[in-house]
Number of protein chains: 2
Amino acid sequence: MSSQPINLLHEDLFALEWELGYHKDAGLSPDTWMPAAVPGAVQLDVMKAENYKQPYWYGDNCKQFDWMEDYFFTYRTAFKKPDLEADQRLFFHSKGIDYSYEIYFNGIFLYAHEGMFSYVDLDLTDRLQELNELKVLILPVPKIGGVEFVPGTDTYRQNARESAKPAVGYGWDWHPRLVTRGIWDDTCLLVKNRSHLKNVSISYTLNDTFTYADISVVIEGLAIAGSSYTWRLEDKWGRTHLERRGELTADEKTISATLENPELWWPEGYGEPVLYRSELTLFGTDNESIDGRSSKLGFRKVSMVMNEGEWDKPTVFPTSRNRAPACLEINGRSIFAKGTNWVHPEIFPGLITTEIYRKHIELAKGAHFNLLRVWGGGITNKEAFFDLCDELGLLVWQEFPLACNNYPDKQSYLYVLEKEATSIINRIKQHACLAIWSGGNELFNAWGGMTEQSLALRLLNSLCYQLDSQTPFIFTSPLYGMGHGSYLFFDSKTGQEVLQWMPASDKTAYTEFGVPGLANLDVLKSFIPEDELFPPKRGTAWELHHAFGAWRHDSWLELPFLKAYFGEISSLESLVDFSQLTQAEGLKFIYEEARRQRPYCSMALNWCFQEPWPTAANNSLINWPDTLKPAYYEVANACRPVLASLRARKFVWHEGEQFKAELFILNDTYQAVEPKQVKVFLNADGQDMHLTSWDFLGSEGFKNAVGPLLEVNLPAMQNARFRIRVEVLGEVELSSEYVFLFKARDAPHTGYFRD
Amino acid sequence: MSSQPINLLHEDLFALEWELGYHKDAGLSPDTWMPAAVPGAVQLDVMKAENYKQPYWYGDNCKQFDWMEDYFFTYRTAFKKPDLEADQRLFFHSKGIDYSYEIYFNGIFLYAHEGMFSYVDLDLTDRLQELNELKVLILPVPKIGGVEFVPGTDTYRQNARESAKPAVGYGWDWHPRLVTRGIWDDTCLLVKNRSHLKNVSISYTLNDTFTYADISVVIEGLAIAGSSYTWRLEDKWGRTHLERRGELTADEKTISATLENPELWWPEGYGEPVLYRSELTLFGTDNESIDGRSSKLGFRKVSMVMNEGEWDKPTVFPTSRNRAPACLEINGRSIFAKGTNWVHPEIFPGLITTEIYRKHIELAKGAHFNLLRVWGGGITNKEAFFDLCDELGLLVWQEFPLACNNYPDKQSYLYVLEKEATSIINRIKQHACLAIWSGGNELFNAWGGMTEQSLALRLLNSLCYQLDSQTPFIFTSPLYGMGHGSYLFFDSKTGQEVLQWMPASDKTAYTEFGVPGLANLDVLKSFIPEDELFPPKRGTAWELHHAFGAWRHDSWLELPFLKAYFGEISSLESLVDFSQLTQAEGLKFIYEEARRQRPYCSMALNWCFQEPWPTAANNSLINWPDTLKPAYYEVANACRPVLASLRARKFVWHEGEQFKAELFILNDTYQAVEPKQVKVFLNADGQDMHLTSWDFLGSEGFKNAVGPLLEVNLPAMQNARFRIRVEVLGEVELSSEYVFLFKARDAPHTGYFRD
């Protein structure tokens, strides 16, 4: 549930006008002031005021921000003393200031904090003058040990190592070096009654058979003893299920109540995400309402249980431990977690609106996803994100802001992390969508270098245990048994393509995997200068936008691979087509294969869903801001709750070769599937050829069915592609189609792939 | 360091005489009272009073205790009101009562607790009468869900699942079902000043170069504000290094001080276990001493770091995490942890004395061990154990009382565990010897069934982080990369003997492994009735003492294996000889091979050191109470800091076979080894045959050296055994000798082992 933490009385009386300036030293003031958008980012204000080349995402325009990293920025706003009644107080409230900052009011230091994820609430009342000035001093970008940023090197690791600043801004293989700062979430002045609520926290315990929920509502306030309260729990039709009234004899109060037969909250594909509404109202001595909170509340139990079959593996001495559990159980039922890795949809988090969240979360739901892994390199999202996930039935795997780095056992860092993590946990734990807490991304791999001995991770486990023990906690991803990668259609290191490595793999959960695809043609044209468009070259906007050397040498365009598979490429249109075809078919294969590996396998989450600016090539399904790549549609098909599926041995076939594949009906719902007639066709050169039929006899809920093995000698074809269509008679919504490459008998073997 | 938690003023004035009785219901009183030994156990008092067959460890005498499990026991003692001065208080103090109990004083309920590891301190003063009676009611053995004990089944799992009672008493493969209860540690009445110390806790932080230690002494007391204090830190020669004096203005006080150039505490083999002495004295207003604490303090830093080479392993996608770190670093230096698994040396923990601890810990040190893993199935030891480990330089891996079980996420269990673990952590964290906290034994294996999601383990991580974050914490052993097993010389499941599986293994740490050996002849005769002695049979004292079916079918006598290797066995003497030979040679091989696998491998700890009663056969090195098996001496040889070592391919050789082995000089000290002349001899039928020589050129500290490969065609021999002697010229203390079995060319192959 989402608790509205602030009582927005009179807020429009105090809409603030902000100005911004920069300066080299903390003690200095800006020479000039410019208008500032709040929420926003210091970069965007300067860009606008100083007539930078726009937009920032075009060509190499983002480099214009580089000089700002070591500058201080100061926000200021002025306002007249408001007419406060005797029992009213004026607060400065902000939901997020990025990153280290100090707040001054009428020239007096009020508050300092490091970290962008803690809310700020400062009572200004006693220091009010007729005309008031509020200043927020933003400190330079944290760069550990004074290590300077060197483009093209791993300096992001040194820079980001000792702060709770999301690491992605220091540069990633799909994100430029661009470290945002500024006031990035809702910020305003608020009038509150002197007696007001500070926190309302709702928790519950469901019994083992889910027939009732014991609810606790913990009220904490300032000077609320003597007030009375009403608390009500309503369903979505406004029917009241529980109501409690009483007097407050102290500033803290716990209300207990039991809800019989709660309608449970379920994630996408397993039921409805039912939400109740909790409403608490506080009344003063003359019975007028003085404060209140309302929030949504979903009843569900989340566990992380051992993957089916893992405990049954034989013990061979010397034996190590069994693998870590990676199977989500919701309300007592194992689910197959289909989803994606969420990276924030805008480079500047101040630009992310509820509408953007809604658009992206609806797209995720549209792909039949039920789990979003909010990757630890990025930001912890605003409240609207969690509200929407609650509403739409998307589970959230929430990582703390640690990624691919060895965060130290230093007290100074642990102090900041503890404050930020406490804010994050207390805010998000109230949401029905929350499924997993995770310490961060790839921390237990060589490029992370942390272990279960790292104090930062022990601290996070301890905090989550103390504040929210009912939600599973993992130190990082991947854990023992989970898989990250690969991120290519064909991996020259292993000599295998996706269709080969994936069936040989036995991971508990595929929590990251990717196949790169070029951006859509229109998207490429929108940010690459026309004279650089084709052929793509290093040293142009292609490279800055991650088509060359972003990860391995050829990432993410992967030109040698594309040429090996498709021959010489003569146009941008063809390049986009070839790249997007392999992305779409590769990802479809992985999702379906992960589902075929059920019940041992429990998750498939591709890297990654969206991107924060337009990349030229990247593993994402969606181009910035919200253009769908073809892979999105194929992944959505692969994630249909029930579908016919084909496991082919490889992607490139030669004339006369025996095409081999197995047939399946995949079902990860808990409903049985009725008997079906399945027919398989080869479509080549526009002709359908019937290959085989399968009398599928039906299957139980949460069970896959295996059909016959398909073995066909491939005929000669004119076209370089052919399709296999697995048709469920009369049910096009269950049918599937797969594209393969065809090479004539005398086509040269490139040696690049094994064929 | 060990803080003396109680000020033992006048204690002998109040030596208490205890009586004991049993009864079916909590509300009842015993019909009869018998004398009770405190500390002790209820079983021992009844045995003595009711003329049971003795000793309890002979034959099947221990079965006489079976009926007691479901009875209540009550201890009682009476004493006259002591002459207390006006500012004095009388306390009842106990260091341990086993297991669930209630305390009544003069008929009034005072206190109840579940758990044997928390100290009890009850102020009796205000309830004193002229004649006083103190009663301790001991509740029945915890048996979860009323599951009855069924001999020979796994009922121990159900019984032990929801309590913090050490699991071993419910029956193990080397421990009878015998669940102890009673007052098991020092217990007395104490007179304290009204103003007295409650807790004195010393902690310190060493800087990175170990040139100074920042010390904090936290004093907590009752009504001590207004007193003055002196705190001194002395070295072992009594020289004062730090002294602080001051007034207490509150009941809590933190004294800070910095010790320059502390002499560091080192474990066996790496330096001296240097201890300082801390002494705090409290003075009343008239300057008389009113309370004080003294304790030993060792300065060292313990870390658990990644095993060398693990981070360098190549990444193959899909990739999982790297293995868990298992290398202990002391004061910035990696060490090789040689040691053993400690199980308590008496079934009845009330019988364990400081002398017994000293004897066993000195034996461990004598075997060149530097680490004792205090296994989670047993008890957490008394203070004397830790004092001795501090003094003698033995590191301690301390497990919480969880073993081979799925302890539940239930609030009632977590409540008990939190109380017990908090007591354990706060007591032991002060000791220099403490190296590792561990959740318990084999919890992440199928027969444990717990995972990192288990709330009990998350709780323990959280408590250790909050109370003692400077000591490494692991959830359990084995973790990913560590090895447990095997526990046989020849494992018929894998078809491999110790000399074969161990060189093929690549574990980070061998934290349990074993080879069973029969007890010494005298020991066997001391508890097996004469008419049962030979041949060993099921259904006799042999079986009750773990020679048959204790683990797998033939464990631990392993008669089929012994017959396959040695042929028909005609006497008890031969049986003991054959069994003890394979134990000694097998364990020697594992310790040396683990050392050869350094630096990747970081630990070798055999299962197990001692035993709590006389077993007929078992993996221990020591027979109860303190008789050494031959394996003890061979293991001690294998653990010499520097030695010549041989890696032979197998144990049984045939005439004419080519004997193959590699030579090594092993060195896990940080001192270089000088050049040596090494000669290798085959000793057969009493004749020495020179096989090869090696001009060893010396090696650096903490480095092993590899010598030539030995390849010899074996001659015909008369005897069934031959020896290879690796002689370091003039340095018998570095030389080694290995025994092998010889089979004539025409000897039948048994098929049992691969030869």
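Modeller: Five residues of helix α1 of chain B, which spans residues 42–49, are buried: Val42(B), Gln43(B), Leu44(B), Asp45(B) and Val46(B). This is a predicted model. The buried residues of α1(B) pack against strands of chain B. Those strands are β1 (18–23), β2 (34–36), β3 (72–80), β9 (131–138) and β10 (182–183). Just after α1(B) comes Asn51(B), with a positive phi of about 55 degrees.

Now the two chains. Chain A superposes on chain B by a rotation of 180 degrees, with 0.0 Å of shift along the axis and an RMSD of 0.0 Å. The two copies are thus related as by a two-fold rotation axis. Ser462(A) is the residue of chain A that comes closest to this axis, with its C-alpha at 2.1 Å.

Next, the contact between the chains. Chain A brings 45 residues to it, and chain B brings 45 residues. On the chain A side, α6 (455–468) and β27 (482–484) each supply at least two residues. The most comes from α6(A), with seven residues. By residue class, the side of chain A that touches chain B holds 21 nonpolar, 19 polar and five charged residues. Of the interface residues of chain A, 100% are also interface residues in chain B, so the copies meet through the same surface.

Within chain A there is another contact to follow. The chain is divided into four parts: domain 1 (11–192), domain 2 (195–302), domain 3 (332–638) and domain 4 (642–743). Take domain 3 and domain 4 of chain A. Their centres, taken over C-alpha atoms, are 29 Å apart. In this pair, 15 residues of domain 3 of chain A are in contact with 16 residues of domain 4 of chain A. On the domain 3 side, α7 (498–504) and α11 (572–596) of chain A each supply at least two residues. Here α11(A) gives the most, with six residues. The side of domain 3 of chain A that touches domain 4 of chain A divides into five nonpolar, two polar and eight charged residues.

To recap the main points. In α1(B), the buried residues include Leu44(B) and Val46(B), and the buried residues pack against strands of chain B, among them β3 and β9. On the side of chain A that touches chain B, α6(A) gives the most. On the side of domain 3 of chain A that touches domain 4 of chain A, α11(A) gives the most.

Conventions. Residues numbered from 1 in each chain as written. Chains lettered and ligands numbered in written order. Predicted model: local features only at pLDDT ≥ 70, side-chain atom pairs only at ≥ 80, totals over all residues. Domains from an automatic or database assignment. Contact = placed C-beta atoms within 7 Å. Helix = DSSP H or I, 4+ residues; strand = E, 2+ residues; numbered from the N terminus. Nonpolar A, V, L, I, M, F, W, Y, C, P; charged D, E, K, R; others polar. Least-squares fit on C-alpha atoms with pLDDT ≥ 70 in both. Buried ≥ 20, exposed ≤ 12 C-beta atoms within 10 Å, placed from the backbone.
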